[in-house]
Amino acid sequence: MDAILSFLGEYGYIGLFIASFLAATVLPIGSEALFTALLYATDSDPWTCIWAASTGNFLGALTCYGIGRLGKTEWMEKYLGISKSKLDEWIPRIRNFIYVGCFFSFLPIIGDLMAVAAGYLRTKFWLASICLFAGKFTRYVGWVAISYWAFV
């Protein structure tokens with residue numbers, strides 16, 4: 001815990017942004033613990049935490065979207081851990097509600113797949129972006145509400 005507090009003391013909101021970005025891309029980490037520690041251990045502003053985490057996580061999802069849009073399945077497997085067979089299995093299932101899937105891209109396990117699939121399906125970038133950001137933002141607002149209830 002001392003290492004986390006030291007990291008937060010040094011990097012604060014920028015550290016939360018970076019951790020949230022990485023959590024939505026290549027690293028199988030959750031940004032919630034860092035978010036909660038920053039929010040309560042350092043008495044940071046909740047809205048600034050929400051914006052930093054949402055923006056970082058959104059840009060990470062756009063990275064996944066971009067990899068999907070490139071269509072390079074070897075990159076999907078190497079950098080995101082999503083195999084071609086998994087993508088081929090999920091694409092027919094989610095094709096008709098891919099924008100809803102973009103909103104729920106904050107969910108563990110399937111979230112990255114939704115962002116990659118949106119790119120792979122060549123969805124409208126602006127609409128996918130709105131859905132991705134709305135989901136990420138809702139996630140962190142919800143996290144503040146839940147953690148406030150749990151810690152206060």
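The legends below describe close-up views of a predicted model. In this model, local features need pLDDT of at least 70 and side-chain atom pairs count only at pLDDT 80 or more, while totals for chains, interfaces and linings use all residues. Residues are numbered from 1 along each chain as its sequence is written, and side-chain values use heavy atoms, with hydrogens and water left out.

**View 1. The largest nonpolar core has 24 residues.** Such a core is a set of buried Ala, Val, Leu, Ile, Met, Phe, Trp, Tyr and Cys residues joined through side-chain atoms within 4.5 Å, where buried means under 20% relative accessible area, exposed over 50%, and partly exposed in between (1.4 Å probe, protein chains only). Leu80, Leu87, Ile98, Cys102, Val116 and Leu132 have the most contacts inside this core. Another core, lying apart from it, has 12 residues, including Leu16, Leu38, Ile50 and Tyr140.

**View 2. Trp51 and Phe137 form a tilted aromatic pair.** Rings of Phe, Tyr and Trp (its six-membered ring) pair if their centres lie within 6.5 Å, and planes under 30 degrees apart count as stacked, over 60 as edge-to-face and the rest as tilted. Here the rings are 4.9 Å apart, centre to centre, with 45° between the planes. Trp51 counts as partly exposed because its relative accessibility is 44%, and Phe137 does so because its value is 22%.

**View 3. Phe104 and Phe106 form another tilted aromatic pair.** Their centres are 5.9 Å apart, with 40° between the planes. Phe104 has 36% relative accessibility and therefore counts as partly exposed, as does Phe106 at 23%.
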